[in-house]
Amino acid sequence: MTEPVARKSRDFWAGSLNDFRLDWAMLSSLLAALGMCEDATWAARNALSTECSEREFRDAARALLEVGGATAVSEVVERTPPDAAYQLVAVRALLDVDKAAAVDLAWTCLSHVDAKEIQELLDVVVTGEDDADRLMRAVLDNWEMSQARTGRIATWLVYNGFHTEARQITTMLLASRPMSKPDYRRVTWILTTLANGTATVLADAEGRPAALRAQLVGLLHRTGRFDESAALMRGVIKERPPLNVLVMMGAEWYPPPAELMSAILDRIDDCEYSDLPLLASILRSAARTEEANELLARAFRHAIHVEDGRLDDALVMMLDHRGAGVADSIVRDILAEDLSAIVRLDAAECLARSGLLPQAANIWLNVAVHHGEDVGAGTTAADLLIRTGYRTELEAALEQALAVGRMSAATRKRLRALQSWCSA
């Protein structure tokens, strides 16, 4: 081990942190890598003695453990803040040095660590039935923990073969009301993978909102429980739920059953924009191509009149469902409307991204000639035409426009300026 540097050398390190763009934690890592053990410990302790970020805590804790080994374990544990995020960092650092200490600390933060991190802790603390029993007691003693956290514990248990414990937790969770869609999806999925769990889920479903039961319809269908799924679907339909609930169920069948398709068609006028892509797919799967096309056309007509950023989405849906053959019709509809130059440019960009350059060029030509006072939009359209090989068409369009007698002086001046710019 290298002898500790002199006091003045430590003063050098302390005074040079800014010069080298280091902090105490980074310095501790550097000194540990150089084998300067006592000085790495000194720098790490400086880092841990002040309020530090998770990254700084991680670097300092690792440096302490690297140079101190097992003798530094207790110090790292003592210096770990009570915050669960820091405790998780400490668990990761301790695992390679002292697994028992890591396990003890993992149990400490299990009840309050973020839900998405909890499965990592379970990999540390649960290695057998005794640990699973202890975990169950911890869950029951801290039942106020969030449904998301408890559900992730149950998911880990079922994946790792602890089915009895998973069933107990999910059955208790199922008795909780209300439940969010993600929590309900997780709990019902776990129970339907366990023996006799489907009966428990179906018995509970009667009191659930239609949206949750529609979600369960899909789960049962995907897992091959077709009779149960169909019966539940019919019950949901009888309640006349919102269209988005019917669409959620319809997405599970290709094509949907006749009774579900009928319910969807009865409510199709209630369609929200967010339901359009899925609803159009459902209609086409049921050989309802005419209704699907009309739905998409209606969305497109709405989008070109309401500048809310949805025109691009509407165009993509039209092209996805109806193919490139509809592009010319799209261009005609856009040019027939009194749309701003920016909206027309957005539509042309969407067509160009889809490989429909001739159709995009038609719109760019229109913008280059008819951009009103938005000179920037006209210049942008002209630039795009030149860069994509349509200079000749642009020059002809500008020449033809300038040949028209009835035009304001300002408009003529703008077009001549654009013509000169194109010829430069």
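Contact here means heavy atoms within 4.5 Å. By that criterion D374 is in contact with A341 and I342, leaving aside its neighbours within four places in sequence. The model is predicted. A search of the whole structure finds 3 aromatic pairs.

**Aromatic pairs**

- A pair of aromatic rings is described by the distance of the centres and the angle of the planes.
- F57 and Y86 form an edge-to-face pair. Their centres are 5.6 Å apart, with 75 degrees between the planes.
- F57 belongs to helix 4 (residues 54-68) and Y86 to helix 6 (residues 84-94), so the pair ties together parts 29 residues apart in sequence.
- F57 has a relative accessible area of 1%, so the residue is buried.
- Y86 is also buried, because its relative accessibility is 15% and the cut-off for buried is under 20%.
- W156 and F162 form a stacked pair. The ring centres lie 6.0 Å apart and the planes meet at 10 degrees. Planes under 30 degrees apart count as stacked, over 60 as edge-to-face.
- W156 is buried at 6% relative accessible area. F162 is buried at 9%.

**Charge over a ring**

- R134 lies over the face of W107. The distance from the ring centre is 4.1 Å.

**Q359 in helix 23**

- Helix 23 (residues 357-369) holds Q359.
- Buried or exposed: which describes Q359? Q359 is buried, with a relative accessible area of 13%.
- Q359 touches A327, D328, V331 and L351. Residues up to four places away in sequence are not counted there.

**D374 in a loop**

- D374 sits in the loop between helix 23 and helix 24 (375-387).
- At 31% relative accessibility, D374 is partly exposed. That class falls between buried, under 20%, and exposed, over 50%.
- How far apart are the C-alpha atoms of D374 and A210? They are separated by 50 Å. Along the chain, the two residues are 164 residues apart.

**Recap by residue**

Definitions and conventions. Residues numbered from 1 in each chain as written. Predicted model: local features only at pLDDT ≥ 70, side-chain atom pairs only at ≥ 80, totals over all residues. Heavy atoms only, no water. Phe/Tyr/Trp six-rings, centres within 6.5 Å; stacked < 30°, edge-to-face > 60°. Helix = DSSP H or I, 4+ residues; strand = E, 2+ residues; numbered from the N terminus. Buried < 20%, exposed > 50% of the residue type's maximum accessible area, 1.4 Å probe, protein only. Lys NZ or Arg CZ within 6 Å of the ring centre and 35° of its normal.
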